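User: I have a model open and would like to go through it with you. Can we start once it is on screen?

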Amino acid sequence: MRIDLHTHSTASDGTQPPAAVVASARQAGLDVVALTDHDTTAGWDEARDAALATGMTLVRGTEMSTRYEHTSVHLLCYLQDPADPALATELETIRTARLGRAREMVDRIAADLPITWDDVLAQVVDGAAVGRPHIADALVVAGVVPDRSAAFTRVLHGSGPYYVPHYAPSTTRAIELVLAAGGVPVIAHAGAADRGRTISDTAFDELAAAGLAGIEVHHRDNDAAQQVRLGAMAARLGLLVTGSSDYHGLGKPNRLGENLTEPAVLAAIAERGTTQVVRP
Ligand code: AMP
Ligand code: ZN
Ligand code: FE
Ligand code: FE
């Protein structure tokens, strides 16, 4: 069983529509794929229809933007009730904050480089969660950089002059919201030092006490030492271990299936989640 539990579509900052992500997952030889767009469930219906039509098993979720003290933490949440009012409202608040923040970043960038807000909006599917990758795409179209990765290293990185943070709830609060919505919360790429700060062992104690279900250990942004550390932490705290690609289509080098999750872990997630896994 080849199971990849973290991908993005044009509902957030991936380059393929949800149905195309499901089709690509099948082509890549996966048995199970999870769609986990940033701060939205907008891709869920299209992905379900595609999974049923093509015979893929599909786990639906969201990658929620959160903050632990001053550290940005991405919280994967699986199989929640997408209509839960408290979680849906919080996700909408984050998406609105993303929009204002992207505008502010573009204002700053436009002082030095030839892009406008309309150029960025032209890269965003209606209603999608807006992120730096959309600004990157506008910079590519403007001929400033060759691709998204270059845009991140040269213009959009977190320590650069154009960077603006956006609102995100505390990780503990997000875990509470996800659990109340019947979802299964898993910390994404927690050892990704290149993305900025990472959270400490004591932070994991606190998040486990709040009901964290798992840790995404096998991810290209967690180096070998971090994977050992996170695996030991999961064992100590009795948490699930997941692995995934964090596929973004053509926008990132990450390939579907480059890291995988054990079937027993998927079974545990399926058992805890409120929404059913889509099975052909
Ligand atoms: P934001 O969420 O707006 O802060 O933008 C950061 C997101 O961009 C991360 O979640 C990454 O997954 C995504 N991203 C997509 N393509 C790239 C890339 N080539 N380099 C770095 N990050 C990327
Ligand atoms: Zn992303
Ligand atoms: Fe992430
Ligand atoms: Fe992601």
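User: Is histidine 189 buried or exposed?

Analyst: Histidine 189 is buried, at a relative accessible area of 7%. Buried means under 20% relative accessible area, exposed over 50%, and partly exposed in between, with a 1.4 Å probe and protein chains only. This is a predicted model, in which local features need pLDDT of at least 70 and side-chain atom pairs count only at pLDDT 80 or more, while totals for chains, interfaces and linings use all residues. Residues are numbered from 1 along each chain as its sequence is written, chains are lettered from A and ligands numbered from 1 in the order written, and side-chain values use heavy atoms, without hydrogens and water.

User: Which residues coordinate the iron ion (ligand 3)?

Analyst: Glu63 (OE), His74 (ND1) and His189 (NE2) coordinate the iron ion (ligand 3), at 2.0 to 2.2 Å. Donors are N, O and S atoms within 2.8 Å of the metal (3.2 Å for Na, K and Ca); water is not among the atoms, so sites may look incomplete. Glutamate 63 in strand β3 (residues 57-68) and histidine 189 in the loop between β5 (184-187) and α8 (201-210) are 126 residues apart. Helices (H or I, at least four residues) and strands (E, at least two) are DSSP runs, numbered from the N terminus. Glutamate 63 is buried too, with a relative accessible area of 1%.

User: And what holds the iron ion (ligand 4)?

Analyst: His6 (NE2), His8 (NE2), Glu63 (OE) and Asp246 (OD) coordinate the iron ion (ligand 4), at 2.0 to 2.2 Å.

User: Why is the arrangement around ligand 4 irregular?

Analyst: Because the 4 donor atoms subtend angles of 76 to 162°. Four donors count as tetrahedral if all angles lie between 85 and 135 degrees; four count as square planar and six as octahedral if opposite donors are over 155 degrees apart and all others between 65 and 115; anything else is irregular.

User: How far apart are the zinc ion (ligand 2) and the iron ion (ligand 4)?

Analyst: They are 4.4 Å apart. The iron ion (ligand 3) lies 5.7 Å from the zinc ion (ligand 2).

User: Switching to the sheet, what is the strand order?

Analyst: The order is β1-β2-β3-β4-β5-β6-β7, an open sheet of 7 strands with mixed pairing. Two strands pair if DSSP finds at least two bridges between them. The edge strands, each pairing on one side only, are β1 and β7.

User: How many bridges join β3 to β4?

Analyst: There are 8, and β3 and β4 (residues 71-78) run antiparallel. Arginine 67 stands opposite serine 72 in β4.
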